[in-house]
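Biologist: I'm new to this one. Can you put it up and walk me through a few spots?

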Amino acid sequence: MPSADYEEARNNIIKAEESIRTGGNIYLSPRELEADKFLLNMKQKAIHKGIQDSASYAPSMHFFHAKPLIEQDPIFKIIQKLPKGGLLHLHSTAGVSSEWVIKNLTYRNDVLICNHKDGFHMFVAVPSELCANEAVPVNKLRARATNKTAFDESLESLINLYTHQPELDYPDINTVWEKFEIMFSVIDGIFDYLPTYIAYHQQLLQELYEDNVMYLEIRTEMGGVIDQNGKHLNSQDMAEVILKLVDDFKQDHPLFIGVKVIIAILRDYDEHAFDEKVERFLDLRKKYPDLVVGFDLVGQEDLGRPLASYVEKLKNISDNGRFFFHAGETNFFNTDADVNLIDALLMNTKRIGHGYSLYKHPVLWEAFKKKEIAIEISPISNQVLHLVQDLRNHPAAFYISENVPIVIANDDPGFWNAKGLSYDFYYAFMAFTPADSGLQVLKQLAWNSLKYSAMTQKEKINATNQFKASWDKFIDYVLGFGRKL
Ligand SMILES: O=c1[nH]cnc2c1ncn2[C@@H]1O[C@H](CO)[C@@H](O)[C@H]1O
C-alpha cells in the first residue's frame, strides 16, 4: 500500500492535469453529471475492451476499416446527436457524401461525363475545354450498362478514395494526394452550372444539419457559373445565390444559423491568375463583409509554395486580419510546410487549418494560446492523407492536454466515404481525448466552434442561446439512452 503522502501527491498531479486540459474547467450541472457518468462508463468500457482486444478497437483503425464498426457503436449514436455548433473547416466541393452525388446528381439529364485531357473521367454540366472527347449524358451510359450497380460503383470511385486496402493502394503521401487532387477535377464541372450547384449545396446543408451542425464556414474559390439560359453569373452573383440558398434553407430549418465563406485558392496558381483571385476576394469582401470573411491558400503543402513568399503580396489582407491559413499539414520538421506556421502567425491569421506539426513549436503554441488562434483539427483527413495511421497518436492529444484551442472539422468528408461531422467527432472523442473525459470535452469542443468562428458578436450571442437549447435536449437524450440500458 502506498503511503497517504504518496496518494496525495499522485492525486494532485492528476487534478492539476485535469484542470489544464480542454474542458477541464467546464461546469456540469447535476443533470449533466448524471449523463456524463453514463457516457464515461460507456467510453471506459470500450477502451478497456480495446486494451484486451486490440485487433477490434475501431478508434485505432484506418477509417476505411473502422467505419462499419463505428456505426455499430452506441457511442457513435450519441455523438451523432451531439450539437456540434459550427463546422469551421470544409472544402465545399468535397463536402457532400459521394453516394448522394452519384444517386442524385448523375441521374439528372443535365449531368454529362467526358474524358479529361489528362486521362481521367470528369463530370460536366456545361461544355468544357478540359474535355478531350465529346461529353455524353451519364444516364445514356448507364442505360447501356449491363450491370447498373457496378456502373454506379465505378462512378462513385471517381470521387471517393475508399478501398478495402488503403495501406497497399496508397502506400505514401504523394500517391494518395495525386488521386485526391484528381477527384476535385472530376467533380468540378458540377459547380459550373447553376442548377447542379444549387442542388449540391442544398444537400451539403442538409447532411450537416441532420448531423447537428448548425453553422458553417466553407472554403471555396467561388468562381462563376452558367445558368439554365446560358447566362454567366460572376462571383458577386454567386454571393447572392449563396445568400438566397441559405435563407431558403433557414426558412425550412429554423435551427440553422448560417454560412460564411473563406475564399480558398490554390497556393501554386501562376502569378497572373493568383493576383486576379486576390482582387476578386478584396471586391467580395468589400461588398459582402458578413458573408465573405476570409482568405486561405490550399493544396498539398509539402510540395507547394511557402507562405513566406506571399508576405509582401498579401500585406493588405494580413493587415486586416482576414487570413484563415492552412499551415503545418506535414510530417516534416522545420521544412517550408512546417514553418508556414510561423508565417501564418506573423501574417495575423485568425485560425490555422490542420496545424498538425504545431506540437514541435513551443513558442508558437504558446502564442496561439495567448492570441486565441484556434487549430482546425480534421482527424480522418490527416489519417487518409497519410500523416498518421493510428489517431491515438494524433498531436491533437497533446493540444487537448495543454488546452491549445482546437475545433473539430471534417475537411473533405465526401472524398473519404464519410458524411457529416460525426465520424471525426467520434475519433476525436475515442482516440485523442483522455479516457476520463466525457461531456466536458465534448461541450468545450462544441463551444470552441462558436467562439472561434468568424461570426459577429451579435451572431455569436444568438448562436450561443440556440446552442444552449440544443444542448439541453441532447442531455435529455443521453439520460434517456442511459436509462434504457
Ligand atoms: O486537407 C487539405 N489540405 C490542403 N488543401 C486541401 C485539403 N483538402 C482540400 N484541399 C484543397 O482544396 C482544393 C479545393 O478547394 C483542392 O484542390 C485541394 O488542393
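Modeller: Helix H4 (residues 74-81) and helix H18 (residues 422-431) have axes that come within 9 Å and cross at roughly 120°. That makes H4 oblique to H18, as the angle is neither under 35 degrees (roughly parallel), over 145 (roughly antiparallel) nor 65 to 115 (roughly perpendicular). This is a predicted model, where local features need pLDDT of at least 70, side-chain atom pairs count only at pLDDT 80 or more, and totals for chains, interfaces and linings use all residues. Residues are numbered from 1 along each chain as its sequence is written.

Biologist: Which residues of H4 and H18 make the contact?

Modeller: From H4, Ile75, Phe76, Ile79 and Gln80; from H18, Ser422, Phe425, Tyr426, Phe429 and Met430. Contact needs C-beta atoms, placed from the backbone, within 7 Å.

Biologist: How do the residues of that contact divide?

Modeller: Seven are nonpolar, two polar and none charged.

Biologist: New topic. Is H1 largely in the open or buried?

Modeller: Zero of the 17 residues of H1 are buried, so it lies largely in the open. Buried takes 20 or more other C-beta atoms within 10 Å, exposed 12 or fewer, and partly exposed is in between.

Biologist: Which loop holds His386?

Modeller: The one between helix H16 (379-384) and helix H17 (396-402). His386 has a positive phi of about 75°, yet is not a glycine. It counts as partly exposed, with 18 C-beta neighbours inside 10 Å.

Biologist: And Asp411, buried or exposed?

Modeller: Asp411 is buried, with 27 other C-beta atoms within 10 Å. Its phi is also positive, near 65°. Asp411 sits in the loop between strand E13 (406-408) and H18.

Note on methods: Axes are lines fitted to C-alpha atoms, for helices over the stretch in contact, and angles run from 0 to 180 degrees between N-to-C directions. Helices (H or I, at least four residues) and strands (E, at least two) are DSSP runs, numbered from the N terminus. Two residues are in contact if their C-beta atoms, placed from the backbone, lie within 7 Å. Ala, Val, Leu, Ile, Met, Phe, Trp, Tyr, Cys and Pro count as nonpolar, Asp, Glu, Lys and Arg as charged, and the others, Gly among them, as polar.
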